[in-house]
Amino acid sequence: MSSIATSNPPAIRRIAIVGAGTIGASWAALFLARGLAVVVSDPAADAEALTRARVQAAWPVLTELGHVLPGASAEALRFEPDLEAALAGVDFVQENAPEREDFKTALFARMDAALPAHVIVASSSSGLIMSRLQSQCRHASRFVIGHPFNPPHLIPLVEVVGGTQTSADTIDRCIAFYRSLGKYPIRLNKEVPGHIANRLQAALWREAIHLAAENVASVADIDAAVSQGPGLRWALFGPHMTFNLGGGAGGLANFMDHLLGPVQTWWDDLGAPEVTPELRQRLIEGVNAEAGQRSIADLVQARDAQLTALLKALQR
């Protein structure tokens, strides 16, 4: 990783969001709520209307959580379909383009040519490797992964990891900026496909699919085994700290002394399912049955309302 630092970079006040969609619009809502100047760029014909609607939909929740600063306005969003015009004069870029390495690599080179060297470009990529994405850039040291969790205006986590050419200064500045927004940035010491949280999700989902494939339980009951069980604890502590508490006064050492053996046998028995067309259909039918009459919009509304209540409880 590069150690090149930018001397006295300007404060981050003007943000360009490249690629709208669900993630880009959610980022836009958060940045606007924190009083930043935001321009969104996306070539899709309906991108502006969808982005403005999504920002408006997020605003009441942001207000309820106390994240909207005095004077901040959802109406302050500016939309600019031309990429180079959108990048003019900004201090920070949050990129949310399609999750394709070739597409992002070309996009990064294009942005690199248009931006002053001090402007950080953070990618919301959910699993690509920054070292490859920045490979065609002259000022590669300012490119970094800033991967949020959906929806970014609610979920605090941001995973920050640089590529081989990313400077330590870029990572430090990026983390400080996210923290100033009320986010919870974590620093990855090395690049891995999928970063951390998505790898953990993937591991759990793989076993959930295996359990469904083996007809251990219904899709709905497998989901409930998480949402009505350990998922509630995970909102407070991660797996290591959870098992530290499980060890009682002796902590994690005591837990491992007594239960690591049984857990090892469970690890050895975990599945590696092949998602056949038939299994794929079973999963789809199972989750549709679980949803019942609730539409995707209904589920999103319920999720966000409960997330808001949970976040407010955690703020106490």
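Guide: What follows is a conversation about the terms used for this model and the values behind them.

Guide: This is a predicted model, in which local features need pLDDT of at least 70 and side-chain atom pairs count only at pLDDT 80 or more, while totals for chains, interfaces and linings use all residues. Residues are numbered from 1 along each chain as its sequence is written, and side-chain values use heavy atoms, with hydrogens and water left out.

Visitor: What makes Asp304 buried?

Guide: Buried means under 20% relative accessible area, exposed means over 50%, and partly exposed lies in between, with a 1.4 Å probe and protein chains only. Asp304 has a relative accessible area of 14%, so it is buried. Its place is in helix H13, residues 296-315, where helices (H or I, at least four residues) and strands (E, at least two) are DSSP runs numbered from the N terminus. Leaving aside neighbours within four places in sequence, Asp304 is in contact with Pro151 and Leu154, and contact means heavy atoms within 4.5 Å.

Visitor: Where is Pro151 found, and what kind of peptide bond joins Asn150 and Pro151?

Guide: Pro151 is found in the loop between E6 and E7, and the bond that joins Asn150 and Pro151 is a cis peptide bond, with omega about 0 degrees.

Visitor: Why is Arg110 called partly exposed?

Guide: The relative accessible area of Arg110 is 43%, and therefore Arg110 counts as partly exposed. Arg110 lies in helix H4 and touches Leu83 and Glu84, not counting residues up to four places away in sequence.

Visitor: How do you know whether Asn215 is buried or exposed?

Guide: Asn215 has 59% relative accessibility, so Asn215 counts as exposed. This residue is found in the loop between H7 and H8, and its phi is near 55 degrees, a positive value in a residue other than glycine. His195 also has a positive phi, near 60 degrees, but with a relative accessible area of 2% His195 is buried; this residue is found in the loop between E8 and H7.

Visitor: What makes a group of residues a nonpolar core?

Guide: A nonpolar core is a set of buried Ala, Val, Leu, Ile, Met, Phe, Trp, Tyr and Cys residues joined through side-chain atoms within 4.5 Å. The largest one here has 35 residues, and those with the most contacts inside it are Ile15, Phe31, Phe92, Phe177 and Tyr178. The largest share of this core, seven residues, comes from H1. A second, separate core of 24 residues includes Ala16, Leu87, Met111 and Ala140. As for Phe177, it touches Ile12, Ile15, Phe31, Leu36 and Phe92, not counting residues up to four places away in sequence.

Visitor: Why are H7 and H12 called roughly perpendicular?

Guide: Axes are lines fitted to C-alpha atoms, for helices over the stretch in contact, and angles run from 0 to 180 degrees between N-to-C directions. Angles under 35 degrees count as roughly parallel, over 145 as roughly antiparallel, 65 to 115 as roughly perpendicular and the rest as oblique. Helix H7 (residues 197-213) and helix H12 (residues 277-291) pack at an angle of about 100 degrees, with their axes 11 Å apart, and H7 and H12 are therefore roughly perpendicular to each other. The contact is made by Ile209, Ala212 and Ala213 of H7 together with Leu279, Arg282 and Leu283 of H12.

Visitor: How do you know that two strands pair?

Guide: Two strands pair if DSSP finds at least two bridges between them. Strand E7 (residues 157-162) and strand E8 (residues 184-187) have four bridges and pair in the parallel sense, with Val160 standing opposite Arg187 in E8. Four bridges also join E1 to strand E4 (residues 92-95), and these strands run parallel; the bridge partner of Ile17 in E4 is Gln94.

Visitor: What order do the eight strands of the open sheet take, and why do E3 and E8 stand at the edges?

Guide: The order is E3-E2-E1-E4-E5-E6-E7-E8, and the pairing is mixed. E3 and E8 each have a single partner strand, so one side of each is left without a neighbour in the sheet.

Visitor: What makes the unit of E7, H6 and E8 right-handed?

Guide: A crossover is right-handed if, with the strands pointing away from the viewer, the path from the first strand over the helix to the second runs clockwise. E7, helix H6 (residues 168-180) and E8 make a right-handed β-α-β unit.
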